[in-house]
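This briefing covers selected packing and pairing features of one protein chain.

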Amino acid sequence: MRVTTSFPLGTLRDTPSEAEIISHQLLLKAGYIRRVNSGIYAYMPIMLRVIEKISAIIEKELNNIGCTKLLLPQLHPADLWKKSERWEGYTAGEGIMFNLKDRQGKEFGLAPTHEEVITSIASEIISSYKQLPQCFYQIQTKFRDEIRPRFGLMRSREFIMKDAYSFHSSGNDLALFYERVGRAYENIFKYCGLQTVGVEADSGAIGGASSKEFMVTADAGEDSILFTQSGSYAANIEKAVSIPSKPIPLQENISGWLETPQQKTILEVCKNNNLEASQIIKVVVFLAKFEDKSEVPILACIRGDQHINEVKLFNFINKLKSSNLLNLHKIEDKKIIEKNLVNFPLGFIGPDLDNKIIKENSNWDKTWTRIIDNSASSLSKFISGGNKVNFHKVYQKYSFASKDYLIEDIRNAKKGDKIKTSDDEQLKETKGIEIGHIFQLGQKYSEKLNAKFSDKDGQLKNLWMGCYGIGVTRIAQASIEQNYDQKGICWPIQISPFEVIIIPTNLKDPTQRELTEQVYKIFKINKIDVLLDDREDRAGVKFKDAELIGIPFQIIVGRDSVNNEVELICRTNNTKLKISANKLLETFISESEIMYNKYS
RNA sequence: CGGGGCGUGGCGCAGCUUGGUAGCGCGGGUGCUUUGGGAGCACUAGGUCGCAGGUUCGAAUCCUGUCGCCCCGACCA
């Protein structure tokens, strides 16, 4: 490719002010992407080459384990999503799916994911266990109406994703395949030059039994990961389970009421009354809204020194009813409180809060659904709200087990916690960018969409399914987050748009011009991804651009041309080799081999 | 949805407090010079100042409304 005739660069002199994190700034400044709207980007030619390289790595690894590529529609009929009972949740509830009507008034959604479509198609194709297992994948644009798009391609409303769906005759076969995909993913990320960690994860709205996320560790990450140094445990904070520290027992002599004026937080109560946070039980009120329009008020209790994990709470509440839980919010809004509750002592609520404070004419359930975290359920003497404004009280011989309380893990694990009682190893915390997620879906979708096969015994059974995603555009940006310096991007060679860039310093010099053309021709003939910066600009401009766009090798054709010599520069460590043009190709091949092998 | 900020040429910004009809740097074009680290000089093109009302002899500037974008939070395969 020549910069002047076929590959304009479009680099910027200044960093656009909209970008906050380094990878986003560099993508814009180096001309890889252009913003069209909030969360919507154009991938410029140089970006497309990165996307294609990543895609090729993914395809190779997936084909290796027997997956088959196809391409599914992006416009999905609502009917299909209603069959899987996700239409309401994805449109009205979380509202993550863009949806629209055609001229006939028929409803459609722009696909955020493809379980429904692939399951309905697979069920038409697969009729016998003899055809199983089967795994289809595609690399395609997905749409999600993100509540707040940010960080460029990290959380955008339109993004490229590889999604794969596997079909099996048994849960056991699914589990085996799931592991194979996990290993293929590790290869893919390694070949992309990324440092990743696999963590246990919440399966969220997709559902299913087991799921694992692959995280690029980076400070700019939106997820928190808890892990042990030894590698024995790693989980997303949404999912992580740990052993809480021991509570400090309450003094024997303390009893009765505590006047706690204006002390609404645990910290204030502790400070003013000489208490430890672990001696207090915190009661948080939530409202759960279900797909069948029912609204259930929740009392969630946890030890004062711990935090409620709303993902765990959401999942637990979702299991309590047959209807799908659409959303779960803290009850804080004054208008909502006034409308549904009488004399609600916000900030001073205790675990024995009466059901009678829910107004008769409220459309909420008339009893609190009471849930207590494991960490607090065994406490019998503790401080909590007195259900009276400005008062807390000492609860004695209180038994949650006998008081309609559901006992469950709804607690955030945190750094410093232990994983096992027998082991002193403590959890550490880091930030991560989710670039892959694999799920064992089980039979959730095949049941809903009636996707069956004939098993060996002649019986019709539901297909077992797995699904597996990789954020292709997200990998590109996450990779920059791990590979840059003051001058710009430093691509791992596997996913770099070009392997090498040729920079002639002065094209008016006929010797240089001729040598440049000669070198370019040899590289092209040898199928090396080479970019020729044949602009008539000054050398400095071309050096800066080459560094900014991050091509791993530069060939400088300059003043040594008279001796038939050029320089080969490595972008990452800035090593310079002055070599004869005759030996350039061979040297380049061996140097680039070294770099390729670094990641495999 | 709550809080904050910003909309002025392709990019980065000044001008707004105190109204007088738009400017700087970079980038683009042409010419000459220069040529191994974002060149110099000269000329040049390019803007309904987000949009709509209002106040005023006169609005980028003041007022009202509205739209959009960015950041923090809430939220989130």
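Tyr-398 counts as buried, because its relative accessibility is 9% and the limit for buried is under 20%. The model is a predicted one.

- In total, 16 aromatic pairs are counted.
- One of them joins Phe-382 and Tyr-395, whose ring centres are 5.0 Å apart with 10° between the planes, a stacked arrangement.
- Phe-382 is buried, at 0% relative accessibility.
- Tyr-395 is buried as well, with a relative accessible area of 3%.
- Phe-382 also pairs with Tyr-398: the centres lie 5.7 Å apart and the planes stand at 80°, so this pair is edge-to-face.

**The five-stranded open sheet**

- An open sheet is built from five strands in the order E16-E14-E15-E17-E20, with mixed pairing.
- The edges are taken by strand E16 (325-330) and strand E20 (406-408); each has a single partner strand, so one side of each has no neighbour in the sheet.
- From one strand to the next, the twist averages 30°.
- E16 is paired with strand E14 (residues 281-290) in the antiparallel sense, over five bridges.
- Within that part of the sheet, Leu-287 is opposite His-329 in E16.
- Helix H8 (residues 310-320) packs on the sheet and touches E14, strand E15 (295-303), E16, strand E17 (369-373) and E20.
- The direction of H8 makes about 135° with that of E16.

**Strand E24 and its partners**

- Strand E24 (residues 464-471) is mostly covered, with seven of its eight residues buried.
- Strand E8 (residues 158-168) pairs with E24 in the antiparallel sense over eight bridges.
- Met-161 has Gly-471 in E24 as its bridge partner.
- Strand E21 (residues 428-442) is joined to E24 by six bridges, and these two strands also run antiparallel.
- Gln-440 is found opposite Gly-466 in E24.

**The contact of H13 with H15**

- Two packed helices are described by the angle between their axes and the distance between the axes.
- For helix H13 (residues 510-525) and helix H15 (residues 581-598), the angle is about 35° and the axes are 11 Å apart.
- The crossing in which H13 passes H15 is right-handed.
- H13 contributes Leu-515, Val-519, Ile-522 and Phe-523, which meet Ala-581, Leu-584, Leu-585 and Phe-588 in H15.
- By class, the residues of this contact are eight nonpolar, no polar and no charged.

Conventions. Residues are numbered from 1 along each chain as its sequence is written. Chains are lettered from A and ligands numbered from 1 in the order in which they are written. This is a predicted model: local features need pLDDT of at least 70, side-chain atom pairs count only at pLDDT 80 or more; totals for chains, interfaces and linings use all residues. Side-chain values use heavy atoms; hydrogens and water are left out. Axes are lines fitted to C-alpha atoms, for helices over the stretch in contact, and angles run from 0 to 180 degrees between N-to-C directions. Helices (H or I, at least four residues) and strands (E, at least two) are DSSP runs, numbered from the N terminus. A crossing is left-handed if the near helix is turned anticlockwise from the far one by less than a right angle, and right-handed if clockwise. Contact means heavy atoms within 4.5 Å. Ala, Val, Leu, Ile, Met, Phe, Trp, Tyr, Cys and Pro count as nonpolar, Asp, Glu, Lys and Arg as charged, and the others, Gly among them, as polar. Two strands pair if DSSP finds at least two bridges between them. Rings of Phe, Tyr and Trp (its six-membered ring) pair if their centres lie within 6.5 Å; planes under 30 degrees apart count as stacked, over 60 as edge-to-face and the rest as tilted. Buried means under 20% relative accessible area, exposed over 50%, partly exposed in between (1.4 Å probe, protein chains only).
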